[in-house]
Amino acid sequence: MKADGVPPGAGRTPHQDRAYPPLLRRGDTVALVAPAGPVTDRETIPARDLLEDWGLRVRTTPRLHATHQGYLAGSDAERLDDFTEAWLDPDVRAVVCVRGGYGSQRIADRLDHRRLAAAGPKFLVGSSDITCLHQALGESLRLVTLHGPMPGCSPLHEDDVSAGSLHAALFGPPPRSFALHGPVLVPGRAEGTLTGGNLTMLASSLGTATAPDTEGRILLLEDVGEDPYRLDRSLTQLRRAGVLRRTVGVVLGDFTDCGPPDQVEAVMRDRLSDLGVPVAAGLPAGHGPRQLTVPLGARAVLRTDPPRLTLPPHERNTA
């Protein structure tokens with residue numbers, strides 16, 4: 001449940017349009033936060049440098065370098081307070097997660113959605129463990145959020161395409177389409193709202209207020225460091241919960257360090273090919289050497305001939 005007692009997305013329909021936050025301009029302020037794993041100067045300095053190179057003013061939260069139990073960026077209260085303060089700051093136009101790791105689920109149920117909504121639309125940037133916050137804020141605030149590389153632990157400094165994709169999503173013009181470079185598991189065409197993110201995080205959220213709502217939606221899945229049998233387990237969990245049966249299409253991102261690619265593909269075929277919806281792989285999103293920024297909550301069309309994920313023009317309007 002939300003902090004105000006209302007579950008995220010209550011009373012909403014799956015096809016209700018979400019707002020794309022106002023695009024950034026040089027001189028705008030963004031905040032660096034760590035709602036999950038701990039960060040050090042090794043992550044925050046290059047993150048700050050990159051964003052300042054783009055002409056942005058960067059604020060760091062008071063407890064950004066706190067640690068707790070060795071794997072959390074401070075206590076739950078500290079991480080919650082830092083994220084909330086950053087979002088409520090009237091000067092901040094985007095909240096950028098420095099890294100993932102683990103910990104977002106521990107604060108998701110304590111977010112005060114009414115206060116966050118009153119702050120107005122702004123960007124949330126992150127991936128991996130941040131999937132939980134995409135689900136929570138995207139649904140409750142009706143915002144398009146950015147599943148993208150985190151500047152403290154990503155190839156943004158080495159790959160101009162990854163950096164350019166994030167820059168375009170923040171400053172405009174937002175991306176209109178993404179080519180898919182992997183195999184087509186099931187051909188077809190689907191149209192719906194994009195949702196999803198990290199497969200393990202989605203599976204572990206079942207039964208909670210941030211469980212994925214896939215009714216009439218295109219589901220994005222990616223992961224890192226999970227052996228094929230673990231991917232199978234998470235997909236089977238989503239199947240058993242009915243999550244996969246409700247989606248209209250599946251697009252697969254990177255499955256980095258998840259074992260031999262042919263074994264990963266075999267798992268995906270086994271668990272997804274009988275859903276009766278198009279399934280295509282090869283979106284450079286997740287934890288790979290190239291990480292494109294994908295707007296979760298945007299309306300999209302998935303085609304498999306040729307394989308491409310397209311965003312209709314009306315979704316690119318700012319709020």
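Guide: A residue is called buried when its relative accessible area is under 20%. Keep that cut-off in mind as we look around this predicted model.

Visitor: Why does W87 count as buried?

Guide: The relative accessibility of W87 is 0%. Buried means under 20%, so W87 is buried.

Visitor: And F83, buried or exposed?

Guide: F83 has 1% relative accessibility, under the 20% cut-off, so F83 is buried as well.

Visitor: What makes F83 and W87 an aromatic pair, and of which kind?

Guide: Rings pair if their centres lie within 6.5 Å, and planes under 30 degrees apart count as stacked. For F83 and W87 the centres are 6.0 Å apart and the planes 20 degrees apart, so this pair is stacked.

Visitor: How far apart are F83 and W87 in helix α2?

Guide: They are 4 residues apart in α2, which means a separation of about one helical turn.

Visitor: How many aromatic pairs does a search of the whole structure find?

Guide: The search finds 4 aromatic pairs. One of them is Y71 with Y102, at 6.2 Å centre to centre and 45 degrees between the planes.

Visitor: Why is the pair of Y71 and Y102 called tilted?

Guide: Stacked needs under 30 degrees and edge-to-face needs over 60, with the rest tilted. An angle of 45 degrees falls in the rest, so the pair is tilted. This pair links distant parts of the chain: Y71 is in the loop between β2 and α2, and Y102 is in the loop between β3 and α3, 31 residues apart.

Visitor: Which residues have the most contacts inside the largest nonpolar core?

Guide: They are L24, W54, F123 and L170, in a core of 28 residues. Helix α6 gives the most to this core, with 5 residues. A second, separate core has 24 residues, including V186 and L202.

Visitor: What is W54 in contact with, leaving aside its neighbours within four places in sequence?

Guide: W54 is in contact with R26, A163, L166, H167, L170 and F171.

Visitor: How many cavities of 30 Å³ or more are there?

Guide: The count comes to 3. The largest cavity holds about 50 Å³ of space, and α5 supplies the largest share of its lining, 3 residues.

Definitions and conventions: Residues numbered from 1 in each chain as written. Predicted model: local features only at pLDDT ≥ 70, side-chain atom pairs only at ≥ 80, totals over all residues. Heavy atoms only, no water. 1 Å grid on protein atoms, 1.4 Å probe; cavity = no way out; pocket = protein on both sides within 12 Å on 5 of 7 lines; lining within 4 Å. Points joined across faces, edges and corners; volume = space filled by probe spheres on them. Helix = DSSP H or I, 4+ residues; strand = E, 2+ residues; numbered from the N terminus. Core = buried A, V, L, I, M, F, W, Y, C linked by side-chain atoms within 4.5 Å. Buried < 20%, exposed > 50% of the residue type's maximum accessible area, 1.4 Å probe, protein only. Contact = heavy atoms within 4.5 Å.
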